[in-house]
Amino acid sequence: MKDQDMVLSIIVNAIQFALQHAQKAPNQPGAVISTEERVDLARAILTALSEQGFEITRAPSQPR
């Protein structure tokens with residue numbers, strides 16, 4: 001998996017986690033967005049980071 005795809009997946013998962021947490025909060029409307037919308041949002045975040053000069057590179061694994 002390319003580094004950018006991995007970061008995209010992490011962002012999508014973070015969005016999903018945040019939405020699930022928001023849905024469980026009392027007196028909060030449950031904002032539900034589709035998987036496609038989450039991926040679009042994640043891509044927008046990646047684009048914004050890239051435009052600010054951030055680069056996605058994978059650091060070498062540290063031995064355990």
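## Notebook: a buried arginine and its surroundings

I started with Arg38, which is buried (under 20% relative accessible area, with exposed over 50% and partly exposed in between; 1.4 Å probe, protein chains only), yet has no salt bridge. A salt bridge would need a side-chain nitrogen of Lys or Arg within 4 Å of a carboxyl oxygen of Asp or Glu. I found that the nearest side chain of opposite charge is Glu37, 7.2 Å away. Here Lys and Arg count as positive and Asp and Glu as negative, while His and the chain ends are not counted.

A note on what I am looking at: this is a predicted model, where local features need pLDDT of at least 70 and side-chain atom pairs count only at pLDDT 80 or more, while totals for chains, interfaces and linings use all residues. Residues are numbered from 1 along each chain as its sequence is written, and side-chain values use heavy atoms, with hydrogens and water left out.

Next I looked up the helices. The protein chain has two helices and zero strands; these are DSSP runs (helices H or I, at least four residues; strands E, at least two), numbered from the N terminus. Arg38 sits in helix α2.

What does Arg38 touch, not counting residues up to four places away in sequence? I listed Val12, Ile15, Gln16, Leu19 and Ile33, with contact meaning heavy atoms within 4.5 Å.

Then I turned to the largest nonpolar core, whose seven residues are Leu8, Ile11, Val12, Ile15, Leu19, Ala42 and Leu46. Such a core is a set of buried Ala, Val, Leu, Ile, Met, Phe, Trp, Tyr and Cys residues joined through side-chain atoms within 4.5 Å. Both α1 (3-24) and α2 supply at least two residues each, and α1 gives the most, with five. I checked Ala42 too: leaving out residues up to four places away in sequence, Ala42 touches Leu8, Ile11, Val12 and Ile15.

Leu41, Ile45, Leu49 and Phe54 make a nonpolar surface patch of about 350 Å². Patch residues have over 30% relative accessible area and no salt bridge; like charges are joined within 9 Å, and nonpolar side chains (Val, Leu, Ile, Met, Phe, Trp, Tyr) within 5 Å. I noted that Ile45 lies in helix α2 (residues 35-51) and counts as partly exposed because its relative accessibility is 33%.

Last, the whole chain: buried residues make up 12% of its 64 residues.

Definitions and conventions
Accessible areas come from the Shrake-Rupley method with a 1.4 Å probe; for residues, only the protein chains shown count as cover.
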